[in-house]
Amino acid sequence: MLRKLSLLSFFITILLFVVSPAAAQIILPDPPPCCGVFTDPDWLKIDYQRVRVNIENQIATTNIDMQFTNEGTALAEGTFLFPLPEGATVDQLIMYIDGEAIEARVLPADEARQIYDEIVRQYRDPALLEFVGTSAIQANVFPIPPGDFRRIEITYAQVLEVDNGLINYTYPINSSRTVSGRIIEQMSVSVHVEGNDEIGNVYSPSHEIAIVRQDDNLGFDAGFEALDFRPDGDFSMFYALVNNEININLLTYRESANSDGFFMLLVQPPVSVPDEQILPKDVIVVLDQSGSMQGDKWDQARAAATYVLENLNEEDRFNVIMFSTGVRIYSDQMENVGIVPEAVDWIDEQFANGGTDINLALTNALEMANPDRNTTVIFLTDGLATEGIIDTADILDNVGEIEQENVRIFTFGVGNNIDTFLLDSIVRDFNGAGSYVRTGERIDEEVASLFNKISAPVLTNIALDLGNVTTDWVYPTQLSDLFAGEQLTIVGRYRDGAENINITLTGEVNGESQTFVYSNLEFRNRAGGESFIARLWATRRIADMLNSIRLNGENPELVDSIVDLSVRYGIITPYTSFLIEENDILTQQGRNRAAEAFAEEAESLAGTVSGEDAVAASDGIGGMSNASAPMSQSTQEGYFSNDEARDDDGAGGGEFVPQNALVNVNDKTFVYQNGIWTDTTFQPDNMETTQIVFLSDTYFDLLTEMPDLADYFSVGENVIVVIDGTAYEVISE
């Protein structure tokens with residue numbers, strides 16, 4: 001199967017030609033009428049791409065080590081073009097191919113633009129438009145014989161500026177906008193940061209990174225790696241320089257000066273604090289001891305309880321409640337950590353049998369809480385209530401009557417035969433967190449992971465005052481306590497922007513109020529900023545509405561709102577797959593049909609309390625509610641029509657047809673409908689398009705006049721994008 005050769009997934013453009021083994025001449029295959037030069041996408045296989053970044057006092061040195069192999073039957077040669085990160089100032093450039101230094105040069109942005117345009121015109125591939133306005137590295141690549149490989153190393157340096165207390169590093173690996181975006185067999189990004197200033201927040205909106213901090217907190221290491229990796233977004237990482245005991249950083253985004261803005265606050269307490277600054281707490285471990293827990297589950301549950309007790313702080317107190325038919329309580333009072341060994345022995349002696357009296361267990365735990373001490377309840381169960389009061393609403397009423405401000409309940413549901421409505425309602429009402437231990441996962445590991453995060457509270461009952469900025473739909477709706485080393489991410493919308501804003505954080509330390517003021521922050525009132533914030537906000541907003549439907553029942557207004565946000569931001573959940581199923585999803589008729597379909601799903605969602613589907617729904621919505629990066633789906637998988645028309649040499653035409661195609665660009669979402677990548681803000685019912693012929697002079701003139709269009713036009717050859725109320729439609733000749 002032949003496909004158009006376009007940008008490689010690591011932003012390398014190799015212009016391939018077919019060289020006849022029998023004759024030393026270049027053979028340019030006759031291109032199909034509308035699709036430019038074709039070659040076999042399997043010729044170049046990306047073996048690996050290893051990115052090593054060293055940042056020292058804001059000077060970032062990036063080393064790229066990559067290898068690709070020619071698996072074709074002909075010679076591959078051409079030009080190596082590496083677009084540089086936007087705004088990068090390169091003062092060092094080293095490039096090697098197979099260990100030998102080669103001549104390479106940095107093209108200024110205007111010269112690179114000419115090359116990008118030429119390639120777009122020649123190969124009818126708009127992917128390079130994404131890099132309009134950036135410089136590039138250019139070099140000749142030695143011919144690659146069939147079966148041979150080439151290893152390339154590049155090193156460049158750049159200065160990272162501080163913006164609003166945050167430093168951003170970005171490595172461009174996005175290829176989701178090209179139809180031939182390739183899989184990288186081994187992909188890794190490793191970042192080492194060190195300097196003279198203490199590090200605060202570390203955050204990646206693009207990839208799941210592991211973070212290891214230095215003991216003096218003057219640096220850290222972050223890493224990401226994956227096998228068979230298909231890039232769907234640039235690697236981006238932010239980190240902050242500490243300027244307060246509790247650090248706050250603000251990021252904002254606005255599509256236009258006339259639209260609402262979006263903000264994200266990163267709240268970072270100290271990574272570690274002296275023991276005397278850790279707030280003492282009472283911990284009550286509540287374990288389901290019913291007969292269904294027998295075997296490995298019971299062994300792991302006891303191991304989890306043991307881990308919690310053995311990792312208490314010196315000033316903490318504890319107790320243990322086991323429940324089945326009735327309850328068994330370790331002590332009639334909260335105990336000091338000195339007798340933890342005796343408690344562990346008592347736990348080891350217990351065995352699982354009997355029914356499940358959840359009401360009795362929870363009410364006992366809450367009655368045990370001291371109103372003058374912060375109390376953490378670890379509640380673990382694997383079943384539905386079968387003893388005592390078994391109605392979920394009655395249990396919640398009883399628990400609510402004893403509710404105290406200083407109590408946080410963290411739930412662990414084991415297996416599928418659990419009351420997700422009960423557990424999630426408890427988490428909501430007691431400002432805790434919930435986790436579900438699925439088949440194959442260990443109870444003790446799940447409990448240990450959460451307890452490590454909440455073991456060192458430094459500020460409780462927190463509240464934020466954003467000054468005179470008017471906000472809407474801020475998530476999380478209830479702010480959790482702050483724990484040492486744990487970052488709190490807050491997102492929301494705001495109306496009018498403002499400069500020199502003071503943000504005030506208040507909370508309690510041992511019952512005494514504490515206030516922190518952060519000055520001279522800006523909520524932008526102009527277009528620009530970090531576009532991922534809008535999609536992150538939409539992810540959490542959809543989760544909040546889904547959870548409301550699940551706990552309170554189907555609501556037509558919420559259904560319509562979920563449909564609108566899902567379409568606008570391209571957020572697909574198991575309940576909103578209509579986005580890629582409805583051909584007319586952008587019309588009002590299509591939206592209505594999608595809402596009707598979702599309403600049926602919503603009714604099922606609200607009516608399913610236990611079982612595998614209920615656990616999956618609760619777990620999935622919980623993941624969206626706590627998301628620290630936007631939930632999106634970019635897929636360019638597809639096929640070529642008319643495959644049967646190809647001959648043995650690969651000749652023949654055929655249109656590339658993406659399947660379930662959806663791509664996010666900045667804060668816009670494009671869906672592939674009827675051969676056109678269509679902006680989901682386009683309203684076909686009441687909008688007319690301004691048509692522009694692909695690759696015409698008008699096309700390139702418009703890009704020169706409105707450079708921001710380049711990102712959107714790079715999606716494909718046929719595109720509809722809405723900018724400031726005008727719908728531009730790129731059409732083929």
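This note goes through strand pairing, helix packing and some backbone details of the structure.

1. Basis. The model is predicted: local features need pLDDT of at least 70, side-chain atom pairs count only at pLDDT 80 or more, and totals for chains, interfaces and linings use all residues. Residues are numbered from 1 along each chain as its sequence is written, and side-chain values use heavy atoms, with hydrogens and water left out.

2. Terms for secondary structure. Helices (H or I, at least four residues) and strands (E, at least two) are DSSP runs, numbered from the N terminus. Two strands pair if DSSP finds at least two bridges between them.

3. The six-strand sheet. Six strands form an open sheet in the order E38-E39-E40-E42-E43-E41, and the pairing is mixed. Strand E38 (662–665) and strand E41 (689–693) are the edge strands; each has a single partner strand, so one side of each lacks a neighbour in the sheet. On average, neighbouring strands here are turned by 25° against each other, direction ignored. Inside this order, strand E40 (residues 676–679) pairs with strand E42 (residues 719–723) in the parallel sense, over two bridges. Trp677 faces Val719 of E42.

4. Asn666 sits in the loop between E38 and strand E39 (668–673). Asn666 is not a glycine, yet has a positive phi of about 50°. Leu695 lies in the loop between E41 and helix H12 (697–705). Leu695, also not a glycine, has a positive phi of about 70°. With a relative accessible area of 11%, Leu695 is buried. Most residues other than glycine have a negative phi, and most peptide bonds are trans.

5. A cis peptide. The bond from Tyr475 to Pro476 is cis, with omega near 0°. Pro476 belongs to the loop between strand E30 (471–475) and strand E31 (482–483).

6. Strand E5 and its partners. Strand E5 (residues 44–56) runs antiparallel to strand E6 (residues 59–70), and 12 bridges join them. Gln49 has Met66 in E6 as its bridge partner. The hairpin of E5 and E6 has two residues between the strands, and Asn57 there takes a positive phi near 50°. E5 also runs parallel to strand E15 (residues 184–194), with nine bridges between them. Here Ile46 is bridged to Ile184 in E15.

7. The hairpin of E23 and E24. Strand E23 (residues 317–324) and strand E24 (residues 326–329) run antiparallel and share four bridges. What joins E23 to E24? A hairpin does, through one residue. Ser324 has Gly326 in E24 as its bridge partner.

8. H8 against H10. Helix H8 (residues 532–552) and helix H10 (residues 588–607) have axes 7 Å apart and pack at an angle of about 60°. Axes are lines fitted to C-alpha atoms, for helices over the stretch in contact, and angles run from 0 to 180 degrees between N-to-C directions. That angle makes H8 oblique to H10. Angles under 35 degrees count as roughly parallel, over 145 as roughly antiparallel, 65 to 115 as roughly perpendicular and the rest as oblique. The crossing of H8 and H10 is right-handed; that is, the near helix is turned clockwise from the far one by less than a right angle. Leu546, Ile549 and Arg550 of H8 meet Phe598, Ala602, Leu605 and Ala606 of H10. This contact of H8 with H10 comprises six nonpolar, no polar and one charged residues. Ala, Val, Leu, Ile, Met, Phe, Trp, Tyr, Cys and Pro count as nonpolar, Asp, Glu, Lys and Arg as charged, and the others, Gly among them, as polar.

9. H9 against H10. The axes of helix H9 (residues 556–569) and H10 come within 9 Å and cross at roughly 120°. H9 and H10 are therefore oblique to each other, and their crossing is right-handed. From H9, the residues that meet H10 include Val559, Ile562 and Val563, and their counterparts in H10 include Phe598 and Ala602. The contact of H9 with H10 divides into nine nonpolar, no polar and three charged residues.

10. A buried threonine. Thr376 is in strand E26 (residues 374–381). Is Thr376 buried or exposed? Thr376 counts as buried, at 9% relative accessibility. Apart from neighbours within four places in sequence, Thr376 is in contact (heavy atoms within 4.5 Å) with residues including Lys281, Asp282, Arg408 and Phe410.

Technical notes:
Buried means under 20% relative accessible area, exposed over 50%, partly exposed in between (1.4 Å probe, protein chains only).
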